[in-house]
Amino acid sequence: MQADGTFAPSAAAEPYLELVNGLDDADLEQFYRDMAVIRAFDVQATNLQRQGQLALWPPSYGQEAAQVGSAHAARPQDHIFPSYREHVVTKIRGVDPIDIIRLMRGLTHGGWNPFDSKNGNTHIYTLVLGAQTLHATGFGMGLVFDGRCGTGDPERDEAVIVYYGDGASSQGDVHEAMVFAASYATPEVFFLQNNQWAISVPVATQSRSPLYKRGEGYGMPSIIIDGNDVLASWAVTRRALDEARSGSGPRAIEAMTYRLGAHTTSDDPTKYRTSDEEESWRRRDPIARMRAYLLARGASEAFFADVEAESEALADDVRTRTNALGGLDREAMFAHVYSEDHALIDEQRRWLADYEASFEGGAS
């Protein structure tokens, strides 16, 4: 799909045309709906942080196509390992967006239970850069050891997809994960969202060659895609997951996209990138592109109006529920540090109680 929404597959896209042609209008409209709705949520969450309701917010603004396409490419039995801005991936898999808000408000250590079936095998956000690739690879190794992949039954065999960014790709954890993934032929897809900036460091500073070649260095088939094309994201990821799930070993995808927003709400991108650069990527906006594509296929204005209404409803719901969350129970910070009672935790609990009691009125 071109930036203006016209469908013009390149020669490299030919192997995936059969997959894309199998999508019907309902599938395509769902892709658009998911992208538009999550952007409304993302904008609302950013506003909530600015209003003091959240400690931090990592926007996904501009990266919706890469995430929506890849998330829909996964099968229900697959396992998802996000980093910390895969908001629409988690929503597609069943996670309630308010659980992300709870995490960014500091009310929970994890956000949601990855083993609750309603969350679609979605593991919790990982704020330690690149660590989720190790988690995903270890899980994938377990799938191999337990015979839960490579049986030839696509309805039963399981795979893993792990999300990380261009900045994380320079972390040792990612390379260690790839070593073990290749050695043990894990049923895994490494999905790199190259949004061009690792906070303030441009990707050109991190690597002298395309990042997808790092996967090739470990012997895994690797491919680079237009991450702002939801159709490309879906088709390439679907095939990669199916191949990994069948026992063919790990794959790597580099989705070229752009972080239109800040790295997080503590960041000011105007200090390190130009408005001309941002504007050039706005012309490749994944949502505007998909809207043009759907209009050319005959999508109705009623459909787009319905999506807008759903977007506004989710934003309103999130704002209302966020404002009702309240504060943190003091005892929560001491939970789950150790599996059993521990003298150090008891000492810290007493210290905090004494410290708060030292304030006027007995509360900090």
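Two residues are in contact when their heavy atoms lie within 4.5 Å. By that rule, Arg291, Leu294 and Leu295 of helix α12 meet Glu301, Phe303 and Phe304 of helix α13. The model is a predicted one.

**Helices α12 and α13**

- Helix α12 covers residues 286-297, and its axis is 10 Å from that of α13, at an angle of about 150 degrees.
- Angles over 145 degrees count as roughly antiparallel, so α12 is roughly antiparallel to α13.
- The residues of this contact comprise 4 nonpolar and 2 charged ones, with no polar residue.

**Helices α2 and α13**

- Helix α13 (residues 301-323) also packs with α2: the two axes come within 9 Å and cross at roughly 35 degrees.
- The crossing of α2 with α13 is right-handed.
- From α2, the residues in this contact include Tyr32, Ala36, Val37, Ala40, Phe41 and Leu48.
- From α13, they include Phe303, Phe304, Val307, Leu314, Ala315 and Val318.
- Sorted by class, the contact of α2 with α13 holds 12 nonpolar, 4 polar and 5 charged residues.

**Helices α2 and α3**

- Helix α2 (residues 25-50) packs with helix α3 (residues 64-73) at an angle of about 130 degrees, and the axes are 10 Å apart.
- This angle makes α2 oblique to α3.
- The crossing of α2 and α3 is right-handed.
- On the α2 side, the contact is formed by Gln30, Phe31, Asp34, Met35, Ile38 and Arg39, and on the α3 side by Glu64, Ala65, Val68 and His72.
- By class, 5 nonpolar, 2 polar and 3 charged residues make up the contact of α2 with α3.

**Ile38, a residue of α2**

- Ile38 lies in helix α2.
- A residue counts as buried under 20% relative accessible area, so Ile38, at 1%, is buried.
- Apart from neighbours within four places in sequence, Ile38 is in contact with Glu64, His87, Val88 and Lys91.
- Ile38 and Tyr61 are 23 residues apart along the chain, and their C-alpha atoms are separated by 8.8 Å.

**Helix α6**

- Helix α6 (residues 131-145) has 15 residues, which at 1.5 Å a residue should span 21 Å; the end C-alpha atoms are 22 Å apart, in agreement with that expectation.
- The buried residues of α6 are Ala131, Gln132, Thr133, Ala136, Thr137, Gly140, Met141 and Leu143.
- An α-helix has 3.6 residues a turn, so residues three or four places apart point the same way.
- The buried residues of α6 pack against strands β1 (79-81), β2 (160-165) and β3 (188-194), and against helix α7 (172-183).

**Positive phi angles**

- Gly147 follows α6 and has a positive phi near 70 degrees.
- Asn121, a residue other than glycine, has a positive phi near 55 degrees.
- Asn121 is found in the loop between α5 (97-105) and α6, and Asn121 is partly exposed, with a relative accessible area of 24%.
- Ile199 is not a glycine, yet its phi is positive, about 55 degrees.
- The position of Ile199 is in the loop between β4 (197-198) and β5 (201-202), and Ile199 is partly exposed, with a relative accessible area of 41%.

Technical notes: Residues numbered from 1 in each chain as written. Predicted model: local features only at pLDDT ≥ 70, side-chain atom pairs only at ≥ 80, totals over all residues. Heavy atoms only, no water. Axes fitted to C-alpha atoms, helices over the stretch in contact; angles between N-to-C directions. Helix = DSSP H or I, 4+ residues; strand = E, 2+ residues; numbered from the N terminus. Parallel < 35°, antiparallel > 145°, perpendicular 65-115°, else oblique. Left-handed = near helix turned anticlockwise from the far one by under 90°. Nonpolar A, V, L, I, M, F, W, Y, C, P; charged D, E, K, R; others polar. Expected span 1.5 Å × (residues − 1). Buried < 20%, exposed > 50% of the residue type's maximum accessible area, 1.4 Å probe, protein only.
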